[in-house]
Amino acid sequence: MGVSGAAKFYEPYPVALASGQGGRVTDVDGNEYIDFLMGAGSSLLGHCHPAVVAAVRDQAGRLATVLAPTPLEARYAERLRDLMPYLERVRFANTGSEAVRTALRVARAVTGKTRYAKFEGNFHGSDDYFLVSGGSRRVAGDPDRPMPVFDSAGVPDRIAEEVLVLPYNDAENAVSLISDNASELAAVVMEPVAFSTGGAVAADRDFARAVRRITARHDIVLIFDEVVTCLRLGTGGAPGYLGVTPDLSCLGKAIGGGLPLSAVGGRADIMEEVLGPESIARGTRIFHSGTFTGNPLSLAAGMAVLDVLEAEPVLAHVDHLGGQLLAILQEVLDSHRMGQMAGFGSIFQLHFTDAPPRNRRDVLAGDHDLLAAVLLGLCAHGILWPPVHPGVVAYGHTEADIELLAVALDTVVGMVS
């Protein structure tokens, strides 16, 4: 059996899944697991939530794929704007990678500059410009002045000259680097919570505010990559918990209810500059299109998620379970005198480090072979949290699921310690 994505594979072989319901999945051999991957956070409500299934089924009987606008696009954009008022204009896309790529294109068209800055360890998808200093096991340069390292073969060397790598959660040095390169920077791109390669490490509020101040001072477009965090960490997005409003934001995963959907949006003046009726005459019109952009099935699924979020205590539930999980698992690790939990809200990750990590270099200092062994051991004990992503809590999980995870972790760590 093959796989069609790097995140789906891990040694010695991945678990192949056949079905799922709520917080659990069943593999092709009939084994059941508590799923803490949840499509890398896409399934906020859990697998096959009745409201999402009904919405997709109904929409599939009406209209599935067309190269034309549908009323769902405007309705969903308006609902997202009601939740996140700073999204004055919204453009739908298909994947997080596409949303971030488009946001950078917007920033370049608006500013007339081409270089951009990203934070070491932040992951922004699969485009060449973002496969830099994210998931590589190598780092370069001093911690306060990182240098670009490619995360993939096949990325042109010249891209290293167009990317400024910044230290994460280091306000003083990040501000200094941004200021020194301000005349060349179109954008600064940032994960409010560094997810996949960042180890579930949240940005400090003071750090985020310092980045906002320096980018505003130099008219640099600040882009938040909220592909993972949107809806999951509050319906208002990162501005609600960081107290910082970006110029543009990239949304994904949970907004599609488990189906492919993303969006890029933000300040009206910026979006109108590149997509408005006068952008062609100004020469600032960007290209953004796709066969499946604004797909009605994904939009219907996303609308169903918002319906449930408005009617039921989804976020209160996942945040409560996330807090319980972090506390209980840390107690287990402390009893074995090894390991640290990191996370924010319903996002979490395990690290075999001496102290809770604050950035990618701290994450890399941990014992990754031990981490892989423990997470694979959890899979063998009915917990699907393999070494490919941090874990997430979904609405379909229960307190009993957290307790079973804690028991499995205690067993597995006891075997390897």
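This is a predicted model: local features need pLDDT of at least 70, side-chain atom pairs count only at pLDDT 80 or more; totals for chains, interfaces and linings use all residues.

Modeller: The account below begins with the aromatic pairs and then turns to the strands. Residues are numbered from 1 along each chain as its sequence is written, and side-chain values use heavy atoms, with hydrogens and water left out.

The structure contains eight aromatic pairs. Rings of Phe, Tyr and Trp (its six-membered ring) pair if their centres lie within 6.5 Å; planes under 30 degrees apart count as stacked, over 60 as edge-to-face and the rest as tilted. One of the pairs joins Phe119 and Tyr168: the ring centres are 6.1 Å apart and the planes stand at 70 degrees, so the pair is edge-to-face. Phe119 belongs to strand β5 and Tyr168 to the loop between β8 and α6 (171–180), so this contact ties together parts that are 49 residues apart in sequence. Helices (H or I, at least four residues) and strands (E, at least two) are DSSP runs, numbered from the N terminus. Phe119 and Tyr168 are both buried, a term that means under 20% relative accessible area, against over 50% for exposed and partly exposed in between (1.4 Å probe, protein chains only).

A further edge-to-face pair is formed by Phe348 and Trp385, with ring centres 5.0 Å apart and planes at 80 degrees. Phe348 lies in strand β16 (residues 347–351) and Trp385 in the loop between β17 and β18 (391–392), so parts 37 residues apart in sequence are tied together. Phe348 is buried at a relative accessible area of 1%, and Trp385 is buried at 0%. Together with Phe36, Phe348 and Trp385 form one aromatic cluster.

As for the strands, β5 (residues 115–119) pairs with β8 in the parallel sense over four bridges; two strands pair if DSSP finds at least two bridges between them. Within this pairing, Lys118 stands opposite Val165 of β8. Strand β8 (residues 163–166) is covered on both faces, with Val163 and Val165 buried on one side and Leu164 and Leu166 buried on the other.

Strand β17 belongs to an open sheet of four strands in the order β1-β2-β3-β17, with mixed pairing. β1 (17–21) and β17 (383–384) are its edges, each with a single partner strand, so one side of each is left without a neighbour in the sheet.
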